[in-house]
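Please keep the sequence and the 3D view open while reading.

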Amino acid sequence: MATLVSDNLDEVERSISDTAPCHYILKIQSFSLLSKNGIEKYESGEFQAGGYKWKLVLYPNGNRSRNVKEHLSLYLVFVDVSSLFRHGLEVHADFRFFLLDQSKDNYLVVHDAKEKSRRFHRLKHQWGFDQLIPIRSFNDVSNGYLLDDTCVFGAEVFITKETSSGRAECLSVMKDAIGCKHVWKIENFSKLESEYSESQAFFSGDQKWKIQLYPKGRRHGSGTHISLYLALEDPVTLTAGSKMFVEFTLRVLDQMQSRHIAGKVYQGMFCTDSSNRG
């Protein structure tokens with residue numbers, strides 16, 4: 001058993017176990033192809049433990065963003081980050097990682113030496129080991145970790161405490177947002193009979209949008225004006241409680257003069273309860 005210092009957790013303890021991990025096993029075949037194909041990070045599928053969803057994130061050549069060299073880096077990630085924001089949730093967990101010695105059929109177990117619970121919350125939803133194991137030791141066939149270019153990792157997660165601090169909010173501003181232009185040509189306008197018509201959906205940012213036309217007006221413009229709106233194609237894709245501030249312009253083409261009649265630049269907040277503006 002050996003102890004060494006890690007940048008992400010305080011002290012690392014390594015031990016040997018004959019028991020397989022009870023929560024998740026990750027088997028990777030053709031491991032060397034990750035590096036050859038320029039894959040710096042691999043994210044596992046989701047798994048359940050303690051009533052929450054988790055995943056593993058592996059850096060086969062070390063986490064460069066943390067200046068890790070000559071080591072594999074492995075982290076445990078809390079998947080449902082929105083719940084951490086929405087409910088001010090904090091989840092305290094003990095976890096350990098496993099690496100199968102395929103020659104001896106036992107596991108190298110890596111965990112915090114002090115068995116200290118780690119706090120997953122809205123500002124920190126990932127914990128792990130920057131220096132899980134030296135790459136040289138991992139590649140050494142005599143250690144049995146990488147045989148026939150195949151390796152097996154595992155994880156166990158045990159919840160020790162859950163707390164909720166009430167409501168929270170996160171503001172994210174998009175820098176240098178890229179504009180989008182969408183043209184909607186309407187045939188046989190005079191024959192429109194329904195209350196409103198919608199354009200084909202189009203993408204802008206990370207959302208799908210559509211234009212809504214009320215030929216006989218809507219609300220204050222009913223019977224006197226044409227009403228035009230920008231609308232979210234599927235408002236339920238927004239996280240509950242989240243809002244998007246959007247700047248947009250709606251235009252109508254003057255086909256005689258080949259110029260646009262533009263409405264003012266609208267600035268509106270879109271959310272699940274208010275999914276169109278115009």
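## Overall make-up

The protein chain holds 19 strands and three helices, taken as DSSP runs of at least two residues for strands (E) and at least four for helices (H or I), numbered from the N terminus. The model is predicted, so local features need pLDDT of at least 70 and side-chain atom pairs count only at pLDDT 80 or more, while totals for chains, interfaces and linings use all residues. Residues are numbered from 1 along each chain as its sequence is written, and side-chain values use heavy atoms, with hydrogens and water left out.

Of the 278 residues in the chain, 39% are buried, meaning under 20% relative accessible area with a 1.4 Å probe, protein chains only.

## Nonpolar cores

A nonpolar core is a set of buried Ala, Val, Leu, Ile, Met, Phe, Trp, Tyr and Cys residues joined through side-chain atoms within 4.5 Å. The largest one has 37 residues, and Phe 31, Trp 54 and Phe 138 are among those with the most contacts inside it. Strand E8 (residues 89–101) gives the most to this core, six residues.

Leaving aside residues up to four places away in sequence, Phe 138 touches Phe 31, Leu 72, Leu 99, Ile 133, Tyr 145, Leu 146, Cys 151 and Phe 153 (contact: heavy atoms within 4.5 Å). A second, separate core of eleven residues includes Leu 232, Leu 238, Met 244 and Phe 248.

## Lining of the second largest pocket

E8 also gives the most to the lining of the second largest pocket, with four residues. Lining residues have an atom within 4 Å of a point of the pocket, which is an open set on a 1 Å grid (1.4 Å probe) with protein on both sides within 12 Å along at least five of seven lines. Twelve residues line this pocket, and Asp 94, Phe 95, Arg 96, His 111 and Glu 115 lie nearest its centre.

Definitions and conventions
Buried < 20%, exposed > 50% of the residue type's maximum accessible area, 1.4 Å probe, protein only.
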